[in-house]
Each structure stands twice: as structure tokens, then as C-alpha cells.
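Welcome to a short tour of a protein chain. Take a moment to look it over, and then we will walk through it together.

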Amino acid sequence: RAPTPSIAGELAVFNINELDYNKKLLSQISKLSYNLLRAKQETILALEDIEDEFIDISNRLKVVIKNDVNNMIRQIDGKLHDRHISVDYSLIKLEKLNPISLLRRGFSQCYSNGLKVSKVDDVKIGDELKIMVTDGIISTEIKNMEKKFYEN
């Protein structure tokens, strides 16, 4: 309660200067609020654009990496195939050189006095000859020799 009617009048009626000041403040707050809201929306849009760009780059990287991995796998498969062929060829060569394989094809190996015999001059009449075949060794004595020349 106001002590006097004039003070009560002052309290009941707004000061015009305060009213103008409050209007200006309200206008500034409204502008700031609008600018803040606009900046927030622009930031959200910019972040969405960045997110879309990130997803696009990520997808392109996935494709590039997948292609690179597939190319590497094809190169490795090709090299493994080449090595496999090389190993197969080496195995065939080794089988042809395998002494037991030679024996299976009807060849034999002859030894005299523990040494391999490959020509007539390696032995003499009366020497014991051991002939290795696929299923064992045949021992015999040399009774006769005949020298022949074969062309290579």
C-alpha cells in the first residue's frame, strides 16, 4: 500500500522511459534469440552436410579398398597358380630322376666292388657284379665282355 495518493499513482502508471527501455531490451532479446536460432539451424545443416560428405567419402573408400583387396587376391592367386605349376613340373622332373622310378621302368644299376658300373672298362672278367632291380639285388660273376660303341 502506498502512503499517499500521488505515490499510488506513480506506482500504478508505468514510467514511459522504462517502458521504452524494456521494449528495446525485448526487441534486442528477440533479435538475439532469432539470430541464435538461425545460427543453430545453419550449424545443424552444416553438420548434416559434413556427415553426408563423410558417409560419401567412407563409401568411396570402402569401394577402393574392396577393389584393392580383390586385385591383391587375384595377384596372389595368379602367383600361387604359377608356383603350383612350377612345383608340379619339378615333381615330374624329380620322378624321372628318381633311381627307383628308373628301376620300375626296366632299367637296373650295376655295381662292382662297391662302385657303380657304367661302362665295360669299369670291370674285368671274373669280377662279381651286383645288379640292382626294383625288388632286390642280383649277384653274378662276369664271364664274358664285349665292347660296343653307341651314339648319344
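Predicted model: local features only at pLDDT ≥ 70, side-chain atom pairs only at ≥ 80, totals over all residues.

## A residue in a helix

Let's start with Glu 51, which is partly exposed, with a relative accessibility of 46%. Here buried means under 20% relative accessible area, exposed means over 50%, and partly exposed lies in between, using a 1.4 Å probe and protein chains only. Glu 51 sits in helix 2, residues 16-97.

Residues are numbered from 1 along each chain as its sequence is written, and side-chain values use heavy atoms, with hydrogens and water left out.

## The overall layout

How many helices and strands does the chain have? There are three helices and four strands, and along the sequence they follow the pattern α-α-α-β-β-β-β. Both kinds of element are DSSP runs numbered from the N terminus: helices are H or I with at least four residues, and strands are E with at least two.

The C-alpha trace spans about 165 × 35 × 20 Å along its principal axes. The radius of gyration of the chain is 53 Å, whereas a compact globule of 152 residues would have one near 15 Å. That radius is taken over C-alpha atoms, and the globule rule is 2.2 Å times the number of residues to the power 0.38. Buried residues account for 7% of the 152 residues.

## The nonpolar core

In soluble globular proteins, nonpolar side chains tend to be buried together. In this chain, the largest nonpolar core has six residues: Cys 110, Val 117, Val 123, Leu 129, Ile 131 and Ile 142. Such a core is a set of buried Ala, Val, Leu, Ile, Met, Phe, Trp, Tyr and Cys residues joined through side-chain atoms within 4.5 Å.

Leaving out residues up to four places away in sequence, Leu 129 touches several others, including Tyr 111, Ile 138 and Thr 140. Contact means heavy atoms within 4.5 Å.

## A glycine in a loop

Gly 126 lies in the loop between strand 2 (115-117) and strand 3 (128-133). This glycine, Gly 126, is partly exposed, at 42% relative accessible area. Beyond its neighbours within four places in sequence, Gly 126 is in contact with Glu 141 and Ile 142. Gly 126 and Lys 143 are 17 residues apart in sequence, with their C-alpha atoms 6.1 Å apart in space.
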